[in-house]
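Here is a short briefing to read alongside the model. Have the viewer open, and we will go from a single side chain out to the whole chain and back to a few local details.

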Amino acid sequence: MTPTTSEMFSAFGRIGLLSFGGPAAQIAVMHRELVDDRKWLTEEQFLRALSFCMMLPGPEAMQLATYAGWRLRGTFGGVLAGLLFVLPGALVITALAAIYIRYGEVPLVQTLFLGVKATVIVIVAQALTRLSRKALKGAGDLMLAVAAFMALFAFQLPFPLIIALAALVGALRAPARSEAPLPPRHGRAPWLAVPIWGGLWLLPLGVLWALNLPFLLDLALFFGKLALVTFGGAYAVLAYMTQEVVQAQGWITTAEMIDALGLAETTPGPLILVTQFVGHLAGFNETGWTGFALAGALTLWMTFTPCFLWIFAGAPYLEQITARPRIGAALSAVTAAVVGVIANLSVWFAIGVLFARSVTWDAEPMTLTLPVPASLDLTALLLTAVAAVLIFALRLSVPLTLLVTAGAAAALSLLAGM
């Protein structure tokens, strides 16, 4: 039975509002709603679609929702499901970014954010632990992860290059056997999906170039490029995004980048919504509240429009794509490399939060950023330990942990002032 529009709104609206806790929790909510409760998809269809979405750049949970909507009601259903998954979190991000800009310099707010930042260290470490268990299946995967870590931490190589090399290694180490016969295509060939959705995705670039708006054009170009290499979730590309928006362009500061991730963790929807938060801050720093609105909307468009492109162009070929062993081997290698990328991110966050000062050590071709031990912030260290106990030992949810550590930071500040 084909679901009605109101049933689609109810199901995917519920998924969007309850999609806290990262992709694993979001996929679990989707599975319960679409497979267990409503039985709109079979277990086999759901798992095959999940494998397909994990091969794509971008947020796999949002793409899985889009695919499910497409499977149920075609392009209309895919667009509806994708929008309902993203928009609740996007609206919350806009509100949080505005509050952050207005009140972020208040001492009490800065104290609360110290608790948030300490929790972010543990959240990234938790993501690293979970992914390592699934991705590192042997010595070869471990070597890829270490190589990816060193490539970023010591040699500052571009993230897209690391992903491309990992995919190449994976494809080359795939078992040498003949391809099995491919299953048939599901549905009609999507001849118009690529020009329509590709054109919509790139439309802002032409408009911004014609209007001679260089800042917004640079912003759109970067986040469009980021959308092409977002394998392994938001954590995997945060280091790359930080290199560009903090170090290369200077659009925001390191502290603002850390705060952006902490606040993005509190919202429903994919964590890659952190790009929207960064866009809001960068736009405000450039041209005030007008830039805030335009840059936020632009980063949202450049980040999520390609998700519809990948799904609508590739969904009819899902069974054929997932049956190719070399594609699976390349994806496995990319996932292993992403472990090293997230390890680099974890070190970067820890240095930025726990130490007031760091130094750069140059020894061509290596460039290392190292903390100054004497600048260790004992309050931040204590809050990080509290967050670790809450998340790893007590298994509290991320939003609740953020609330507790922010309150603990305020309490420690009051005690220090007495």
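This is a predicted model: local features need pLDDT of at least 70, side-chain atom pairs count only at pLDDT 80 or more; totals for chains, interfaces and linings use all residues.

His-280 sits in helix α12, which covers residues 274-287.

- Leaving out residues up to four places away in sequence, His-280 touches Ile-93, Thr-94, Ala-97, Ile-101, Phe-292 and Gly-296.
- Thr-66 lies in helix α4.
- The relative accessibility of Thr-66 is 0%, under the 20% limit, so Thr-66 counts as buried.
- The residues that Thr-66 touches, again without those up to four places away in sequence, are Gly-78, Ala-81, Gly-82, Phe-308, Ile-311 and Phe-312.

**The chain as a whole**

- The fold is built with 17 helices and two strands.
- The radius of gyration is 22 Å, close to the 22 Å from the globule rule for 418 residues, so the chain is as compact as a globular protein of that length.
- Along the principal axes, the C-alpha atoms fill a box of roughly 70 × 50 × 50 Å.
- Of the 418 residues, 51% are buried.
- Among contacts with a separation of 6 or more, 75% are between residues 24 or more positions apart.

**The nonpolar core**

- In soluble globular proteins, nonpolar side chains tend to be buried together.
- Here the largest nonpolar core has 134 residues, and those with the most contacts inside it are Phe-12, Met-30, Phe-223, Tyr-235, Met-241, Val-245 and Met-257.
- Helix α4, residues 60-103, gives the largest share of this core, with 18 residues.
- Tyr-235 touches Ile-123, Val-124, Ala-127, Leu-261, Glu-265, Leu-271, Ile-342 and Leu-345, when residues up to four places away in sequence are not counted.

**Helix α3, end to end and face on**

- How far apart are the end C-alpha atoms of α3? They are 17 Å apart, which agrees with the 16 Å that its twelve residues should span at 1.5 Å a residue.
- The buried residues in α3 are Phe-46, Ala-49, Leu-50, Phe-52 and Cys-53.
- Seen down the axis of α3, these buried residues fall within an arc of 160 degrees, so they line one face of the helix.
- An α-helix has 3.6 residues a turn, so residues three or four places apart point the same way.

- Most residues other than glycine have a negative phi.
- Lys-39 is not a glycine, yet its phi is positive, at about 55 degrees.
- Lys-39 belongs to the loop between α2 (22-37) and α3 (43-54).
- Is Lys-39 buried or exposed? Lys-39 is exposed, because its relative accessible area of 63% is over the 50% limit.
- Asn-212, another residue other than glycine, also has a positive phi, near 55 degrees.
- Asn-212 is found in the loop between α8 (193-210) and α9 (214-228).
- With a relative accessible area of 62%, Asn-212 is exposed.

How values were computed. Residues are numbered from 1 along each chain as its sequence is written. Side-chain values use heavy atoms; hydrogens and water are left out. Helices (H or I, at least four residues) and strands (E, at least two) are DSSP runs, numbered from the N terminus. Buried means under 20% relative accessible area, exposed over 50%, partly exposed in between (1.4 Å probe, protein chains only). A nonpolar core is a set of buried Ala, Val, Leu, Ile, Met, Phe, Trp, Tyr and Cys residues joined through side-chain atoms within 4.5 Å. Contact means heavy atoms within 4.5 Å. The expected span of a helix is 1.5 Å times one less than its number of residues. The arc is that of the directions from the helix axis to the C-beta atoms. The radius of gyration is taken over C-alpha atoms; the globule rule is 2.2 Å times the number of residues to the power 0.38.
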